[in-house]
Amino acid sequence: MNDRSSSLDTSTFNRLRRLYIFALGAIACSVIISQIIVRKFLIDQQDDSSVINVAGRQRMLSQKLSKEVLLIANTTDFSERLVLKDTLKKTLAQWKISHHALLQGSDSLELSGTNSDKIVALFDRIQTPFSEMYAASNSIILILEQEPKANPNLLIPYVDQVNPNAFRFLSLMDTIVNQYDSEANEKVNLLSKWELFLMIFTLLLLILEFLFIFKPTARMVKKTITRLLRSEKRAINMAEEADFLRKENEKSVKELRVLNQTMDKTLLFARVTPEGSILHIGEKFSKLFEQSAFKVNLNFSELISTVKTDQQYIEHILKTYNKSGWQGEIKAVKHSGEMLWLEMYLIPINSKLEKSEILIIASDITEKKQAQLDLESLTKSSYEEKMNQQKIISSKIIENQEKEQNRIAKDIHDGIGQMLTGLKYNLESVNLNDLDKAASKIEHLKSLTGDIIQGVRAATFNLTPPELSDYGIVPALSKLTQELSRLTGKKIELYNRTNFNKRLDSLVEINMYRITQEAINNAIKYAESTYILVSISHSAHILSITIDDDGKGFDINRPKNIRTGVGGMGMTFMNERINYIDGRLFINSSEETGTRITLNIPI
């Protein structure tokens, strides 16, 4: 019978194993195929995303191109015309590269160049305005490179050639972008259908696995439980044998008492009743607590501590854990008043032959506990000090924000507000019947309007420079150095060593800008410097901004009075901002060389 049962179990397990391998293999194949299909669609989708991005940028570049052509044609400043010419040249090159990349593909722009017939037809239509705009823009560049002071009238035919073609190019580019988007949506819909098919196929596999694997397994488990119930009876017999072994173990406990003499001399060792009465106390325990002789009537809690609350705690532990055992720390107070800390183990010894007792083994951890308490005290003190400093820093930040708001309100009220009032009164005083005086007043109103616009620009620049949000950190710092140099009369220059021109996260850029602004203002206000240089350089992963001045320097180790805001609040705010963007701030200063502040920001 046993041979037959064993043979049946082996056959069943072999069959289930084969079914499991088949089912799991089918599911694995389904998952692998789905992953291959999804991966292919994702790669196509990534290419579509890059194509749509570049195509959309072409629209922007065409607008930028036409705008720069108009600026060149309308400017009378030859130096500014050359700067605009260089910008136009870069824009034209980028526009041409992107156009050919959309048609033929580009590894650098991650474009495959694979287009549908509709898109190819649209590119055929857009080729004419593209060629016209490119030829006209290139002609303007060639004229200005040969003769920078060329008569603006020479540029007008080419400007007139750019503008109408720019509108045609923009309209056709919109159609191309929409076609790219439509084709990408068709691929997404196809992927959804494949996912639905694979999901249905996987569910079908799971249903078949349930019918042919899980149900037979459940029947086999039921048989196994029946066998376990039979085994339970055998376990009861074994438990009776274990009871006999337990009695023998109790005899062994008695024999352990022979070890008491050795433990007396080497450990803080004692035996007490659950009520706390001392049955035996070791020699080392007696010596530690200055007990010259064994006192039968002495309670263990009274031996450990002279403090009433500590005695009650020890009695509570003995009463609560006299059967389960306990381990923990106990504060002890000797009769001399000296305080100790003990790590104590309670080991219950239960015997039917004798009265139950508790074995106590302890070790002196006074030095360790005192060091721990000192560390906790220092940690708490440091935490409270840090929180107080943080509160003070927050209050100073709020105070500075309030001062800045009051300053802006005063500038608007005293400057822009008064000029607007003057503008209103001048407008009311214009008498159209006296044309000579009216013309004179209108000229004055134009000048006053220009002053108001300049005041508004200055106020908005002090809040957040538009260059920062429109063009990035480098143009914003360039504008900052120019404005501060003009306002203060000091020589303040910006040097972009590695021609950094990337855009970063807006929060990173504004914090970089504010830190640099704070460093320059400190050099102007406190360092008595005449020359300030802001240098920008970058590597693959780090952007560095360095602010050098030739001022009198300062002691970077000078204690900072954060509570009063004297000495170090500017540096504190700079450190808060650089930590917020995960950067690092380095400061070197001396009376001979001035001050250098370096910002390193991950990119």
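**Strand pairing and helix packing**

Q: Which residue is the bridge partner of Arg 271 in E5?
A: In this predicted model, Arg 271 has Leu 359 of E5 as its bridge partner.

Q: And how many bridges join strand E1 and strand E5?
A: Strand E1, residues 268–272, and strand E5, residues 357–364, pair over 5 bridges, in the antiparallel sense.

Q: In what order do the strands of the sheet run?
A: The order is E2-E1-E5-E4-E3. These 5 strands make an open sheet with antiparallel pairing.

Q: Which are the edge strands, then?
A: They are strand E2 (278–281) and strand E3 (326–333), each of which pairs on one side only.

Q: What is the average twist?
A: From one strand to the next, the twist averages 25°.

Q: Which helix packs on the sheet?
A: Helix H8, residues 308–320, does so, touching E1, E3, E4 (339–349) and E5. The direction of H8 makes about 160° with that of E3.

Q: Changing topic: at what angle do H2 and H3 pack?
A: Helix H2 (residues 78–104) and helix H3 (residues 117–146) pack at about 155°, and their axes are 10 Å apart. H2 is therefore roughly antiparallel to H3.

Q: Is the crossing left-handed or right-handed?
A: H2 passes H3 in a left-handed crossing.

Q: Which residues meet there?
A: Those in H2 include Leu 88, Leu 92, Trp 95 and His 99. On the H3 side, Phe 123, Phe 130, Met 133 and Tyr 134 are among them.

Q: How many of the contact residues are nonpolar, polar and charged?
A: The contact of H2 with H3 has 14 nonpolar, 4 polar and 5 charged residues.

How values were computed. Residues numbered from 1 in each chain as written. Predicted model: local features only at pLDDT ≥ 70, side-chain atom pairs only at ≥ 80, totals over all residues. Heavy atoms only, no water. Axes fitted to C-alpha atoms, helices over the stretch in contact; angles between N-to-C directions. Helix = DSSP H or I, 4+ residues; strand = E, 2+ residues; numbered from the N terminus. Parallel < 35°, antiparallel > 145°, perpendicular 65-115°, else oblique. Left-handed = near helix turned anticlockwise from the far one by under 90°. Contact = heavy atoms within 4.5 Å. Nonpolar A, V, L, I, M, F, W, Y, C, P; charged D, E, K, R; others polar. Pairing = 2+ DSSP bridges.
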